[in-house]
Every structure is written in structure tokens, then in C-alpha cells.
Amino acid sequence: MQPLAISRYSIVNCLGAGSRAIADAMRDRRSGLAPCDFETVALDTYIGRVPGLEEARVRSDLAAYDCRNNRLAQIGIEVDGFAGAVARARERYGAARIGVFLGTSTSGILETEVAYRHRDPKTGALPGNYRYAQTHNTFSLADFARRYLELQGPAFVVSSACSSTAKVCGNAARMIAAGVCDAAVVGGVDTLCLTTLYGFHSLELTSRGPCRPFDAGRDGLSIGEGAGFALLERVEARPESGTMLLLGVGESCDAFHMSTPHPDGLGARFAMQRALESARLAPADIDYVNLHGTATRTNDAAEDRSVWELFGGETPCSSTKGATGHLLGAAGITEIIISILAIEHGLMPGSVHTRRIDPVLRSHYLIEPRKARVRRVLSNSFGFGGSNCSVVLGAAG
């Protein structure tokens, strides 16, 4: 693929709002995970919660879209000067030439959960003020963001579980290459809800403590919430030094099992190989691998095997989910932006809460942050059903 410039990005999660807060947390090896206190949930687990969403409201002209997911989307759009950057791009290209390609896993399902508590006791009818299309429907996110940013280009939402907001990078690259649009807003949002927390608990995948990726005693994941957005634009033949670039995207679907990855990591390896081929790079060209690293026994083992077979034991890698929790549909864009911060700050993130690396795992896994020159990063996002995506990022020389 032709590289695309990442001209602006924004991020918010339990570590804070804005790239500075996230970079500081990565440097200090700080976690935002805390004991679950969400809604009526009664589970012995940890979560990565963004404070203040209960009191927040979306812009008044978009009040029909008000829900936890779109409130977090609005915060993400406003931090790091993202809305202003899109406004300037809109002036350059025109509103109809900027696409909106976002990802989410559960969207505003919390609104539906609350609505069902208030059904009519006789008819079972949902409350009259419940708005499925503007809140729960997955397209609600793109519709809200599109209206908020005053864009009129093509728009859709990808919902492929944990790879959703990585896969939209591939969608945007193809749409721009096809001439459908000149720039694209990519990213997405996922927020806490009862369905997710109880669902993962029923699968016996949630940890009682903060999750510990690649740890010998890892026992499950921690659910979090977050938002991230990036503005992708065509890049000149000789981009200015330091310009952040989307270099390659690789996708695969191993379809081994509904919720368990292929034990040999076949789909993961295919995605990474295709991302490298897309970027015209070899494994030795990658300085750091941002792992999917969920802290479940099977996911970490399968990913470790695929990374080991492709990169060997030299390339440093780590998972940041011990800091943010697993952000599900928002995990991909969150870890893409953390990878960008690694390049900009020359810092490979360590693995928060991981104490002793599982001796069975062979990758070069980092517990402590490492200061080093980082030129290119490969970031992994693997979803249920084996829907895998790897993204290669780098700075122009």
C-alpha cells in the first residue's frame, strides 16, 4: 500500500485524556485499573473506567445521540486538538471528500440494558424515550462523529470484536487508494456495559486482580473503556522528516474457534506477515512489537508463538493492557496511538502488573519501559472468531 500520513490523533482512556497523559503513564509504568464499581455489576474483577461519563452530555444539537459511548467519542474528538485538525482538513478537501471509518464492539448497548429495566410491566414495551438508532446501533458512532465533525464523505462502522479499530485503517487505505475520498477519520470507541462484563465473566476470562499479560500466573483480562481517533491523509513522495506514517496493514481470519485463537498462532502470523509485505519491510526492520497481549493463557501463548516464529527472540515486545485494560473494539486504535507515542518519545512501554514472565513463552517481552530509538512498530489486534489485524507504523526519515 502507499503510506498515509497520520496528521493528527487523539486518545482517552482510564489513564487520562490526551496523548500527554497517556505518554506520562507509559513512562511511569502506571495503571488505571481499579476494582469494579460500575453500575450494578457485582463481580470480583478490575476495570479500566473513564471517570465522569455519567455526568457528561453530548453537544446540545446532537442530544438524540446521548449515550455513554457517544459521550466518550465526543471527549476523544475534542482532545489533542483533533476536531480543529479535521476542520482544517475539511477546508482543504471539502466535507464530502473525508471518510469516517470507525470501529466499536458494543456501541451504546448500555442504553438498551437500562431501557429493559424500565419496560412496561404489562406490555413489555420499551420506554418512549429509548432511541435505538441513535444510541445502540453500531452505526450510531459514525453517524454521531460525522455530524459532530460536519463531514459528508462515506462512513461506516466495523464491528469485528477486538480488531475493529485496527481494521478500519485498512478500510481507509483502500478507500483513499480507490479515489473515493482524499482523507479519512479512523478510530473508534468502546464503553463499559453489563453485557461485556458478565459475558466475559461467564467465559471465565476475567481476572480477579489487574490483568498480567505474559505473566506466569496470568488468569484473565481486565475490561476497560476508551476512545481514539486518527486523521489519515495522502502523503507526498518525500514527506517531511518526522511525519508519522501508516506504512502497512495486514488482515487474516483463521476462524479456528469463536473465542479461542488458533493454538499455533497461524492467523496472527499471517496478519503480521501481510502487514510487513504491505509496508515492504522485513521482520528485522521492526524495532518494537505492540502485542495484543490479553493476559489470558491461550491468547498470550498463541501470540507468543507467532511472534517468536516471525521475529525470533531479539525484537522487544510488550502489551499495554495491564495499564488500560482490554478496550475491546477500541483496543486497536488505542494501541496504534501508543505505538506512535513510542516512536515519538523513544520509549518502548513496559508491562504493568506483570511480575514474572511465563518461562514457556519465548518472545523478548519487556516488563520495564525501555528508552531507545524506535523507528518502526508493528501493532497487533486479534478479535473473536480469528479476525486478526496487524498495522505497521513509522516516522519519515
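1. Let me start with the charged side chains: the model has 28 salt bridges, a salt bridge being a side-chain nitrogen of Lys or Arg within 4 Å of a carboxyl oxygen of Asp or Glu. This is a predicted model, in which local features need pLDDT of at least 70 and side-chain atom pairs count only at pLDDT 80 or more, while totals for chains, interfaces and linings use all residues. Residues are numbered from 1 along each chain as its sequence is written, and side-chain values use heavy atoms, with hydrogens and water left out.

2. The pair I would look at is Asp300 with Arg218, whose side chains meet in a salt bridge at 3.4 Å, N to O. This pair links distant parts of the chain: Asp300 sits in helix 9 (residues 297-311), Arg218 in the loop between helix 7 (194-202) and strand 8 (223-224), and 82 residues separate them. Helices (H or I, at least four residues) and strands (E, at least two) are DSSP runs, numbered from the N terminus. Asp300 is buried, with a relative accessible area of 0%, and Arg218 counts as buried too, at 4%. Here buried means under 20% relative accessible area, exposed over 50%, and partly exposed in between (1.4 Å probe, protein chains only).

3. Helix 9 holds another pair. Glu309 forms a salt bridge with Arg305, the closest N and O atoms being 3.2 Å apart; the two residues are four apart in the helix, about one turn. Glu309 is partly exposed at 38% relative accessible area, and Arg305 is partly exposed at 35%. Elsewhere, salt bridges that share partners join Asp37, Arg49, Glu54, Arg68 and Glu225 into one network.

4. Now for a charged residue without a partner. Glu113, in helix 4 (residues 109-117), is buried yet has no salt bridge; the nearest side chain of opposite charge is that of Arg117, 5.7 Å away. For charge, Lys and Arg count as positive and Asp and Glu as negative, with His and the chain ends not counted. Leaving aside residues up to four places away in sequence, Glu113 touches Cys193, Leu194 and Thr195, where contact means heavy atoms within 4.5 Å.

5. On to the cysteines. How many disulfides are there? The count comes to zero, with a disulfide taken as a pair of cysteine sulfur atoms within 2.5 Å. For Cys36, the nearest cysteine sulfur is that of Cys193, 11 Å away; Cys36 counts as buried at 15% relative accessibility. The sulfur of Cys169 is 7.0 Å from the closest cysteine sulfur, in Cys389, too far for a bond, and Cys169 is buried with a relative accessible area of 4%.

6. Helix 5 deserves a look in the viewer. Seven of the ten residues of helix 5 (residues 139-148) are buried, so this helix is largely enclosed by the rest of the structure. The buried residues are Ser140, Leu141, Ala142, Asp143, Phe144, Ala145 and Tyr148. They pack against helix 2 (68-78), strand 5 (98-103), strand 6 (155-158) and strand 7 (183-190).

7. Two backbone angles are worth checking. Most residues other than glycine have a negative phi. Glu150, however, has a positive phi of about 60° although it is not a glycine, and this residue lies in the loop between helix 5 and strand 6. Arg29 likewise has a positive phi, of about 55°; Arg29 is in the loop between helix 1 (19-28) and strand 3 (34-35) and is partly exposed, with a relative accessible area of 26%.

8. Finally, the chain as a whole. There are eleven helices and 17 strands. The radius of gyration, taken over C-alpha atoms, is 20 Å, close to the 21 Å that the globule rule gives for 397 residues, so the chain is as compact as a globular protein of that length; that rule is 2.2 Å times the number of residues to the power 0.38. Buried residues make up 60% of the chain. Of the contacts with a separation of 6 or more, 79% are between residues 24 or more positions apart.
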